[in-house]
Amino acid sequence: MAQCAGYARFVYNYGLSMVNGTSAMTKVNKRGQKVSLSYTLRILEAKKVFTNYVKKQPEYAWTNNYSSRIYQSAFQHLGEAFKRYKEGISKYPKLKKKKDRQSFTVYDSNGKVTISSGKKIKIPTLGTFRLWESIPCTTASQTFTISRTGEKWFVSFSIEAENLPVNPLLDGRVQETFGIDVGVKQFASIANQKKADSEVFSLPDSIKLEQLKIAKFQWRNRKKQLGGKGKPPSKNAIKYYKKLAKYHDRVKNVRRDFIEKTTTKLVGKVKHVCLESLNVKGMIQNGKLAASIARLGFYEFRERLTTKIVSSGGTVVLADQWFPSSKTCHNCGCINQELKLKDRTFNCPHCGMRIDRDLNAALVLSQYGEINQKNRVGCTRIYACELDEGGLPG
């Protein structure tokens, strides 16, 4: 399977390099002028060249040992990557590296295949495999994606299913918008000004302990021949990399379990939330906080919370990343420009309000969410010390 994943990565990179070429990706129009082909036509041309020419070359004879559906899926994924790039959803596709996520996709050209319940699965063109986790019921699917995490292989497939109705117990949730402020000291603070209750979620200590184990493990193996600069890794280094992957997989699973349980708990209590649209990539540039921010998983938390709340009939409002939620007083709207990152208590210079920094930010976000719930066009509340309570717009 690792060779199949490498084959899919090779085809993806080959198609990307062909699409980036200019000589073979042009055509002559009716006026005799050379014009560039669209990304869709470029991928079709690259697929034809790969099928009719590249696979027949002696140095690429090894590609004939694998199913043609692997490289067909790789070209399809490349086309989807360019489609997302044209729509502005993602950036321009990049070459895949060996250290990236290893995966490949196969499908059955005759249609859907039956997947029986139990601990065995038959994958088209690959054969039958034993599963660690049994399939609960008999279903059918056509496309199968096999991926590798650490030393474990996973298979995923999609099935047709109807949307489940919203649980009647969720209809009793409060209608007010709750603000959720995420941070490094406390993972998340949730509050609403109309409701007196507030809650704070902290990252489990087991993640810090696991990362401490990783640091010690890397320090003990620092003198191994790890490879790089033309030198291959030693056999002990290969064993070290496999053990290191298990440590990282453990941290990922603990974080994912925490995020899933936290978001499920929030969805059972609130229906409307307001979050900040954070620039996590820019935040990681701070060397002192990079490790702490990277272990939290802000984007995964926002993604899972948004999916669960929207599917349960709620709404999510995203505040702009430059919205001063931490520096704004929830009581009078004054913006404290002197507030620094090390200050954990918010002191309002206008009304004298003294409150926890994260709790104040959650209250401000709840106010922002209430305004945007009423006005869907994206009204932004204006805060100013000069305006009294009745003069605040919105």
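Mentor: Let's start with the second largest pocket, which has a volume of about 920 Å³. This is a predicted model, so local features need pLDDT of at least 70, side-chain atom pairs count only at 80 or more, and totals for chains, interfaces and linings use all residues. Residues are numbered from 1 along each chain as its sequence is written, and side-chain values use heavy atoms, without hydrogens or water.

Trainee: How many residues line the second largest pocket, and which lie nearest its centre?

Mentor: A pocket is an open set of points on a 1 Å grid where a 1.4 Å probe fits, with protein on both sides within 12 Å along at least five of seven lines; lining residues have an atom within 4 Å of a point. Volume is the space filled by probe spheres on points joined across faces, edges and corners. Here 21 residues form the lining, and Lys-98, Lys-99, Gln-102, Gly-150 and Ala-245 lie nearest the centre.

Trainee: What about the largest pocket: what is its volume?

Mentor: About 1200 Å³. The lining of the largest pocket has 38 residues, with Val-182, Met-283, Ser-326, Leu-341 and Arg-357 nearest the centre. Among the elements giving two or more are strand E10 (174-182) and helix H9 (357-374); helix H7 has the largest share, 4 residues.
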